[in-house]
Amino acid sequence: MHPTFATRTAAAVPIWFVTASTLEAQLEKLPPVVARQVNFAGFKAKPGQHMLSFDEQGAPLAVLFGLDQPGRKADAFLPGRLSTLLPPGTYAFANAPHDTGLAALAWLLGSYRFTRYKPDASAQALLCAPDGIDVAALEREAAASCLARDLVNTPANDMTPAALAQAARDMAAAHGARINIIVGDDLLAQNLPLIHAVGRAAHQPPRLVDMSWGRADAPRVTLVGKGVCFDTGGLNIKPDAGMLLMKKDMGGAAAALAAASLIMAQGCDVRLRLLLPIVENAISGPAFRPGDIYPSRKGLSVEIGNTDAEGRLILADALALADEEAPELLLDFATLTGAARVALGPDLPPFYTHDEALAADIAEIGSAIQDPVWRLPLWHAYDRLLDGKISDLNNVTSGGFAGSITAALFLNRFVEKCQAYAHFDIYGWTPVARPGRPEGGECQAARLTAALVVQRFGQNGAKSLS
Ligand code: BES
Ligand code: MN
Ligand code: ZN
């Protein structure tokens with residue numbers, strides 16, 4: 001489902017944003033009955049607190065909503081709470097929150113529901129598009145995020161490798177992109193041995209989606225997303241609690257698809273390429289085993305220390321392929337390690353890059369548009385932990401320390417020619433609902449990627465928007 005704004009109507013209930021310090025002055029400008037109700041209810045305009053006020057006939061008169069005091073800690077998404085707090089109806093911002101565009105986006109994102117298996121036709125609180133924002137751009141961002149959420153929320157019995165590849169086909173068709181999908185044993189013929197090894201035990205064969213769009217001689221931007229439709233852990237099987245959420249292990253592919261859709265819809269002047277290695281890490285006779293050694297596309301031999309470190313294997317081949325044409329910008333998205341969540345929690349994905357300017361741009365854009373990420377180091381002193389005894393590389397380290405960093409270092413071995421490369425170790429899931437972020441699948445780092453591409457390469461042939 002794709003939340004959109006309501007068309008403007010005079011009957012929309014006004015929403016007044018207030019803080020503890022502006023409440024009194026605001027009440028003086030509203031009908032006296034509002035102040036009486038505020039006093040009766042004990043409304044203090046605490047951040048996130050809301051109150052509905054009614055006229056003498058019981059018709060809604062105004063909504064008051066408490067904001068953070070302006071400053072570094074203010075959450076621009078906080079008004080997104082209103083989309084779930086308010087009764088069904090049509091509302092409009094009567095004054096400006098801290099950031100009108102982000103507040104409106106949070107409203108749309110907050111009204112997302114996953115209805116595929118349990119239709120929910122109940123009415124919702126709708127927001128009239130506020131003045132001064134780019135309505136179409138915000139609706140596009142919401143649609144892209146909600147597409148990624150739908151893909152992640154759909155369980156693995158329906159979000160199979162074929163279904164995920166079909167989502168890419170649909171997107172290519174919608175934007176006039178070219179798409180080629182390499183399936184099953186053709187992966188061996190095309191020298192993508194690690195994708196094949198990880199996915200070969202599953203009922204549906206592994207595959208690589210290769211989509212491209214845009215002017216052939218425009219700057220090359222390549223996005224790579226981990227598409228593990230279900231991660232049992234393989235023969236190094238996960239315990240029940242660790243496996244429960246593993247339908248979300250294609251969250252990187254979902255984020256990459258969302259970012260690609262935004263880049264294409266924005267008309268960025270780039271040659272976009274999207275590579276999605278798609279597998280199910282399943283257990284059956286042909287499963288790859290601990291101790292197996294496989295060649296990789298890049299030529300490095302990789303010993304399998306743990307079949308549960310499958311994401312870096314399929315990404316290694318996809319990144320090596322991406323790197324062959326030395327793109328100007330290469331980004332990958334992957335629900336790669338539990339260690340990333342231990343380090344930074346579910347809402348703040350770590351990212352890794354050697355490029356200082358790229359790191360600064362990513363961090364700045366992410367925090368400006370509420371798609372937050374945090375840089376962690378590619379600490380090369382840990383490279384030796386991945387050295388193989390009888391192969392070039394092992395896919396895991398023995399200690400398990402710095403698990404997100406060593407996974408990023410593994411990926412870095414497969415990238416050398418591209419001009420700027422960053423890896424995002426995302427979680428792809430919101431465990432407890434927050435403003436603009438309902439519980440369930442989440443789209444992380446995609447909006448920031450689209451904004452980064454606009455900033456670096458411009459839009460519609462224009463130099464830059466920022
Ligand atoms: N998909 C998981 C990572 C993951 C687990 C992400 C839980 C989010 C939540 C990945 O394939 C995996 O299993 N990683 C292992 C790596 C280990 C075997 C070196 C992990 O993080 O435990
Ligand atoms: Mn795994
Ligand atoms: Zn995985």
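A search of the whole structure finds 24 salt bridges, a salt bridge being a side-chain nitrogen of Lys or Arg within 4 Å of a carboxyl oxygen of Asp or Glu. The structure is a predicted model, in which local features need pLDDT of at least 70 and side-chain atom pairs count only at pLDDT 80 or more, whereas totals for chains, interfaces and linings use all residues. Residues are numbered from 1 along each chain as its sequence is written, chains are lettered from A and ligands numbered from 1 in the order in which they are written, and side-chain values use heavy atoms, with hydrogens and water left out.

One of these salt bridges joins Arg273 to Asp210, with 2.8 Å from N to O. Arg273 belongs to strand β10 (residues 271-281) and Asp210 to strand β7 (residues 207-213), so the contact ties together parts that are 63 residues apart in sequence. Helices (H or I, at least four residues) and strands (E, at least two) are DSSP runs, numbered from the N terminus. Arg273 is buried at 11% relative accessibility, and Asp210 is buried at 16%; buried means under 20% relative accessible area, exposed over 50%, and partly exposed in between (1.4 Å probe, protein chains only).

A second pair, Arg375 and Glu356, forms a salt bridge of 3.0 Å from N to O. Distant parts of the chain are linked here: Arg375 is in strand β15 (residues 374-375) and Glu356 in helix α13 (residues 356-368), 19 residues apart. Arg375 is partly exposed at 31% relative accessibility, while Glu356 is exposed at 53%.

In a further salt bridge, the closest N and O atoms of Arg413 and Asp383 are 3.7 Å apart. Asp383 sits in the loop between β15 and β16 (393-394), and Arg413 in the loop between α14 (403-412) and β17 (421-425), 30 residues apart. Asp383 is buried, with a relative accessible area of 16%, and Arg413 is partly exposed, at 25%. Through shared partners, salt bridges also join Asp210, Arg271, Arg273 and Glu325 into one network.

The metal site comes next. Lys226 (NZ), Asp231 (OD), Asp249 (OD) and Glu310 (OE) coordinate the zinc ion (ligand 3) at 2.0 to 2.4 Å. Donors are N, O and S atoms within 2.8 Å of the metal (3.2 Å for Na, K and Ca), and water is not among the atoms, so sites may look incomplete. The six donor atoms of the zinc ion (ligand 3) make angles of 78 to 173°, and the site is octahedral; six donors count as octahedral if opposite donors are over 155 degrees apart and all others between 65 and 115. In sequence, the donor residues follow the spacing K-x4-D-x17-D-x60-E. Asp231 bridges the zinc ion (ligand 3) and the manganese ion (ligand 2), which lie 3.2 Å apart. Asp249 is in the loop between α9 (240-243) and α10 (251-265), and Glu310 in the loop between β12 (301-303) and α11 (311-323), so this pair ties together parts that are 61 residues apart in sequence. Asp249 is buried, with a relative accessible area of 2%, and Glu310 is buried at 0%.

Note on methods:
Tetrahedral: all angles 85-135°; square planar, octahedral: opposite > 155°, others 65-115°.
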